[in-house]
Amino acid sequence: MPTDARAHWDALEVRRPGDVPTATPLAWQVAKHGDHADRLMNRALPADFPYDVERGNAGDALAVLALRESIRRDVEHGRGLRVRDALELGASWEDIAAALDVDQDEARRILRTWADGQRNLWLSSERRGERCFGLDAEAYAAVLALCGDEALAPAAEERTPATEPVRESTRAYAEELRANPGKASADGHTGWECTAGASLIADAVTPGPGRLGTLHAAIYTCPDHRPEAEQRITSAGYNTDVRDTPPGHRWDPWPCGHLTTYKPDALAALSAVTASTP
């Protein structure tokens with residue numbers, strides 16, 4: 001990855017798994033984790049230790065927790081890819097189940113879940129007219145064949161990966177963001193009542209040069225509230241572009257209805273409160 005990306009990562013403060021940008025290499029995460037963990041270990045050194053050392057604080061402890069969770073999710077998400085590799089290289093389901101310490105049905109479920117997520121990633125990119133990543137229809141069918149699930153392939157286009165419930169810590173963090181607007185963005189809420197985690201992001205955009213547009217706001221929404229999110233965006237005079245949330249957001253989703261805006265007028269137009277409300 002580019003040098004400036006690494007420099008940005010080295011300077012980045014991580015306090016939540018979501019602070020880790022998508023596709024950050026595991027090696028980078030492990031290195032940052034090691035730096036914070038080393039400072040925490042230095043707390044055990046005697047007060048008269050003869051050398052200058054940095055002693056850990058609460059920020060280091062939180063960073064270690066967040067980075068461990070991010071690394072765990074990345075490793076777990078990659079299990080399906082490695083199951084596919086093992087099958088293609090001649091391993092049996094019995095071998096794979098033993099390596100994962102699960103039964104064979106669970107090993108197959110891991111591969112199917114990974115394949116569904118990769119297929120949805122491809123379809124989402126395709127809908128937005130972007131370069132496609134993930135599994136195309138042929139590759140997806142090939143993975144299902146490895147599972148012995150060829151008959152499921154025609155229904156694959158209708159699947160939506162499962163999203164975990166909203167965690168109380170995430171709900172509290174979203175409320176904190178709404179109460180403390182930043183310099184470049186501000187957060188709000190659409191006002192509708194929903195307890196579901198958001199599996200979709202509805203962007204409010206205006207046309208720009210070529211395929212690029214100007215992003216004014218993003219509404220995090222569940223599938224049931226997607227029509228309402230789109231209607232709110234179009235009624236405010238913006239174009240709408242709906243996409244799946246990144247894989248990490250399915251583990252720790254934003255509350256449905258959470259709104260992040262990048263223009264003051266977008267906050268007033270899309271949220272349940274006006275821009276002048278404290």
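Because the model is predicted, local features are described only at pLDDT of at least 70 and side-chain atom pairs only at pLDDT 80 or more, whereas totals for chains, interfaces and linings use all residues. Residues are numbered from 1 along each chain as its sequence is written, and side-chain values use heavy atoms, with hydrogens and water left out.

The secondary structure of the chain comprises eleven helices and five strands; these are DSSP runs numbered from the N terminus, with helices (H or I) of at least four residues and strands (E) of at least two. Of the 278 residues of the chain, 35% count as buried. Here buried stands for under 20% relative accessible area, exposed for over 50%, and partly exposed for values in between, with a 1.4 Å probe and protein chains only. Contact means heavy atoms within 4.5 Å. Among contacts between residues at least 6 apart in sequence, 65% join residues at least 24 apart.

Helix α2 (residues 26–41) packs with helix α3 (residues 58–77) at an angle of about 150°, and their axes are 9 Å apart. The axes are lines fitted to C-alpha atoms, for helices over the stretch in contact, and the angles run from 0 to 180 degrees between N-to-C directions. α2 and α3 are therefore roughly antiparallel to each other, as angles over 145 degrees count as roughly antiparallel, under 35 as roughly parallel, 65 to 115 as roughly perpendicular and the rest as oblique. The crossing of α2 past α3 is left-handed, a term for a near helix turned anticlockwise from the far one by less than a right angle, clockwise being right-handed. On α2 the contact residues include Leu26, Val30, His33 and Leu40, and on α3 they include Ala63, Val64, Leu67 and Ile71. By class, the contact of α2 with α3 has ten nonpolar, four polar and five charged residues; Ala, Val, Leu, Ile, Met, Phe, Trp, Tyr, Cys and Pro count as nonpolar, Asp, Glu, Lys and Arg as charged, and the others, Gly among them, as polar.

The structure also holds three aromatic pairs. Rings of Phe, Tyr and Trp (its six-membered ring) pair if their centres lie within 6.5 Å, and planes under 30 degrees apart count as stacked, over 60 as edge-to-face and the rest as tilted. Phe49 and Tyr51 form an edge-to-face pair, 5.7 Å centre to centre with 65° between the planes. Phe49 is partly exposed at a relative accessible area of 28%, while Tyr51 is exposed at 60%. The rings of Tyr220 and Trp254 have their centres 5.8 Å apart and their planes at 45°, so this pair is tilted. Tyr220 lies in strand β3 (residues 213–221) and Trp254 in the loop between α10 (247–251) and β5 (258–261), 34 residues apart. Tyr220 is buried at 12% relative accessible area, and Trp254 is buried at 14%. Together with Tyr173, Tyr220 and Trp254 form one aromatic cluster.

Tyr173 is also among the residues touched by Arg16, the others being Ala66, Ser169, Thr170 and Asp252, not counting residues up to four places away in sequence. Arg16 lies in the loop between α1 (3–11) and α2 and counts as buried at 15% relative accessibility.

Strand β3 also contains Ala217, which is buried with a relative accessible area of 0%. Beyond neighbours within four places in sequence, Ala217 is in contact with residues including Ala202, Leu259, Tyr262 and Leu270. Ala217 and Ala202 are 15 residues apart in sequence and 8.4 Å apart in space, C-alpha to C-alpha.
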